[in-house]
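Dear colleague,

I am passing this structure on to you, and below it I have written out what was found. Please look through it first and then read the notes alongside it.

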Amino acid sequence: VPVGKKAESIYFLHTSCWSLKMKGKTFSYVIHYADGGKTEIPIAYGDAVADWWAPKDQPNAPVAWKEKNPASEQVVGIYLFTWENPSPAKEIKSLDIVSEGDAMPAIIAITGVERQ
């Protein structure tokens, strides 16, 4: 995902599918800086994300939206995860989303607070 901006923080609206049996890292965001450096943001199941079925607040990602699935009685939802950039003076060139195992990350939106 191309970025081309400096950011103090980035907000990720996401969830995951086929991850009910996951432990630890479910997927990662990889931030690529314009200077060639990069940093990985591991997204761990039960901490920064959980499966979209039966959503519950996670320690680092509250439920941002939930609704009854019109195809069943099950409630589904998405989470809001906030990342504070350790290098806010660096331009972010792009970011990657990398899945682990069988989990499928579902990314709804990404936005940030631009460094002034």
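The protein has seven strands and zero helices, where helices (H or I, at least four residues) and strands (E, at least two) are DSSP runs numbered from the N terminus. Its radius of gyration is 15 Å, close to the 13 Å that the globule rule gives for 116 residues, so the protein is as compact as a globular protein of that length; the radius is taken over C-alpha atoms, and the rule is 2.2 Å times the number of residues to the power 0.38.

Please note that this is a predicted model, in which local features need pLDDT of at least 70 and side-chain atom pairs count only at pLDDT 80 or more, while totals for chains, interfaces and linings use all residues. Residues are numbered from 1 along each chain as its sequence is written, and side-chain values use heavy atoms, with hydrogens and water left out.

Along its principal axes, the C-alpha trace spans about 50 × 30 × 25 Å. Of the contacts with a separation of 6 or more, 63% are accounted for by residues 24 or more positions apart, a contact meaning heavy atoms within 4.5 Å.

Strand β2 (residues 24–33) pairs with strand β3 (residues 38–45) in the antiparallel sense over eight bridges, pairing being counted if DSSP finds at least two bridges between two strands. Within this pair, Val-30 stands opposite Glu-40 in β3. The two strands form a hairpin with four residues between them, and Gly-36 in the turn has a positive phi of about 95 degrees.
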